[in-house]
Amino acid sequence: GQWGEDMFMDQCLDKVLEVKPRPTDSNLMCEAHCDCAAWYWCNEGDDVVSYHPFKSIESYKNCLSNAIGGSSSEDTSATSE
């Protein structure tokens, strides 16, 4: 199968550059396979650099909106005045 950018970077660091142990910093990336339980909601704080993975445009837009403090495009509870 094809690799995504995450697998490519992981394999490159491990097998090509032989970086051991692999560097981890929870502020660089919040994702499902790391110690970031609420990665999907993209609201872990303003010091997180990226959230991963989002496979659809809508889920990415919702994440971006949450990360910058707006309401998501799926949020129908807000009322305009």
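The side chains of Lys15 and Asp14 meet in a salt bridge, 3.4 Å from N to O. A salt bridge here is a side-chain nitrogen of Lys or Arg within 4 Å of a carboxyl oxygen of Asp or Glu. This is a predicted model: local features need pLDDT of at least 70, side-chain atom pairs count only at pLDDT 80 or more, and totals for chains, interfaces and linings use all residues. Residues are numbered from 1 along each chain as its sequence is written, and side-chain values use heavy atoms, with hydrogens and water left out.

**Salt bridges**

- The structure holds two salt bridges.
- Asp14 also forms a salt bridge with Lys20, where the closest N and O atoms are 2.4 Å apart.
- Through shared partners, the salt bridges join Asp14, Lys15 and Lys20 into one network.
- Asp14 is buried at 12% relative accessibility. Buried means under 20% relative accessible area, exposed means over 50%, and partly exposed lies in between (1.4 Å probe, protein chains only).
- Lys15 counts as exposed at 54%. Lys20 is exposed too, with a relative accessible area of 58%.

**Aromatic cluster**

- Trp39, Tyr40, Trp41 and Phe54 form one aromatic cluster.
- Rings of Phe, Tyr and Trp (its six-membered ring) pair if their centres lie within 6.5 Å; planes under 30 degrees apart count as stacked, over 60 as edge-to-face and the rest as tilted.
- The count by this rule is four aromatic pairs.
- Trp39 and Phe54 form a tilted pair, 5.5 Å centre to centre with 50 degrees between the planes.
- That pair links distant parts of the chain, 15 residues apart: Trp39 is in the loop between β1 (29-31) and β2, and Phe54 is in the loop between β2 and α2. Helices (H or I, at least four residues) and strands (E, at least two) are DSSP runs, numbered from the N terminus.
- Both Trp39 and Phe54 are buried.
- Tyr40 and Phe54 form a tilted pair as well, at 5.9 Å centre to centre and 45 degrees between the planes.
- This pair also links distant parts of the chain, with Tyr40 and Phe54 14 residues apart.
- Tyr40 is partly exposed at 39% relative accessibility, whereas Phe54 is buried at 17%.

**Helix α2**

- Helix α2 spans residues 57-67, and its buried residues are Ser59, Asn62, Cys63 and Ser65.
- These residues lie on the same side of α2, because they cover an arc of only 165 degrees around the axis. The arc is that of the directions from the helix axis to the C-beta atoms.
- An α-helix has 3.6 residues a turn, so residues three or four places apart point the same way.
- The buried residues of α2 pack against β2 (50-52), with contact meaning heavy atoms within 4.5 Å.

**Nonpolar surface patch**

- Trp3, Met7, Phe8 and Met9 make a nonpolar surface patch of about 450 Å².
- Patches are made of residues with over 30% relative accessible area and no salt bridge: like charges are joined within 9 Å, nonpolar side chains (Val, Leu, Ile, Met, Phe, Trp, Tyr) within 5 Å.
- Trp3 sits in the segment before α1 (5-16).
- Trp3 is exposed, at a relative accessible area of 54%.

How values were computed
Areas by Shrake-Rupley, 256 points an atom, 1.4 Å probe, with all protein chains shown as cover.
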